[in-house]
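Please look at the protein below, and then work through the questions and answers that follow.

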Amino acid sequence: MDGKSDRYGSPWLTQSEAAAYARLGKERIAQLIATGRLRAYWSPGSDPRSPNRAKLVNKADIDELLRADAVEVREVSRALFGAA
């Protein structure tokens, strides 16, 4: 897998797949979507009136979010232990 598309060649993930990809809980993915920190898109063909309408997340958006929130391990070590 190249990190940009799943085994079917698509970069689109369900919320469960997005959680596994990001190594986060499904509830955390739902929270990130609800607060607007992670973009989600309605699945084509899903019933717009359904409360269970499928949402899809793009892997590139997950990667962007993780990079933005990432703290390099060296920075934490330096801050905690004064080590280089």
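A residue is called buried when its relative accessible area is under 20%, exposed when that area is over 50%, and partly exposed in between, with a 1.4 Å probe and only protein chains taken into account. This is a predicted model, in which local features need a pLDDT of at least 70 and side-chain atom pairs count only at pLDDT 80 or more, while totals for chains, interfaces and linings use all residues. Residues are numbered from 1 along each chain as its sequence is written, and side-chain values use heavy atoms, with hydrogens and water left out.

Q: What is the order of the strands in the open sheet?
A: Two strands are said to pair if DSSP finds at least two bridges between them. Strand β1 (residues 12–13) is joined by two bridges to β3 (residues 55–58), and these strands run antiparallel. Strand β2 (residues 41–42) also pairs with β3 over two bridges in the antiparallel sense. The open sheet of three strands therefore has β1 and β2 at its edges, each with a single partner strand, in the order β1-β3-β2.

Q: Which residue in β3 is the bridge partner of W42?
A: Strands of a sheet pair through backbone hydrogen bonds, either parallel or antiparallel. For W42, the bridge partner in β3 is K55.

Q: Is S43 buried or exposed?
A: S43 is found in the loop between β2 and β3. Contact means heavy atoms within 4.5 Å, and, leaving aside neighbours within four places in sequence, S43 is in contact with A54 and L56. Because its relative accessibility is 17%, S43 counts as buried.

Q: How are α1 and α2 placed relative to each other, roughly parallel or roughly perpendicular?
A: Axes are lines fitted to C-alpha atoms, for helices over the stretch in contact, and angles run from 0 to 180 degrees between N-to-C directions. The two helices pack at an angle of about 105°, with their axes 8 Å apart, and the contact is made by Q15, S16, A18, A19 and A22 of α1 and K26, I29, A30 and I33 of α2. Angles under 35 degrees count as roughly parallel, over 145 as roughly antiparallel, 65 to 115 as roughly perpendicular and the rest as oblique. It follows that α1 and α2 are roughly perpendicular.

Q: How far apart in space are D63 and A22, C-alpha to C-alpha?
A: D63 lies in helix α3, and because its relative accessible area is 13%, D63 is buried. In sequence, D63 and A22 are 41 residues apart. In space, C-alpha to C-alpha, the distance between D63 and A22 is 8.0 Å.

Q: Near what value is the phi of R23?
A: Most residues other than glycine have a negative phi, and most peptide bonds are trans. R23 has its place in the loop between α1 and α2, and because its relative accessibility is 76%, R23 counts as exposed. Although R23 is a residue other than glycine, its phi is positive, near 60°.

Q: Which residues does R53 touch, not counting residues up to four places away in sequence?
A: R53 has its place in the loop between β2 and β3, and because its relative accessibility is 23%, R53 counts as partly exposed. R53 and W42 are 11 residues apart in sequence and 7.2 Å apart in space, C-alpha to C-alpha. Not counting residues up to four places away in sequence, R53 touches W42, S46, D47 and P48.

Notes:
Helix = DSSP H or I, 4+ residues; strand = E, 2+ residues; numbered from the N terminus.
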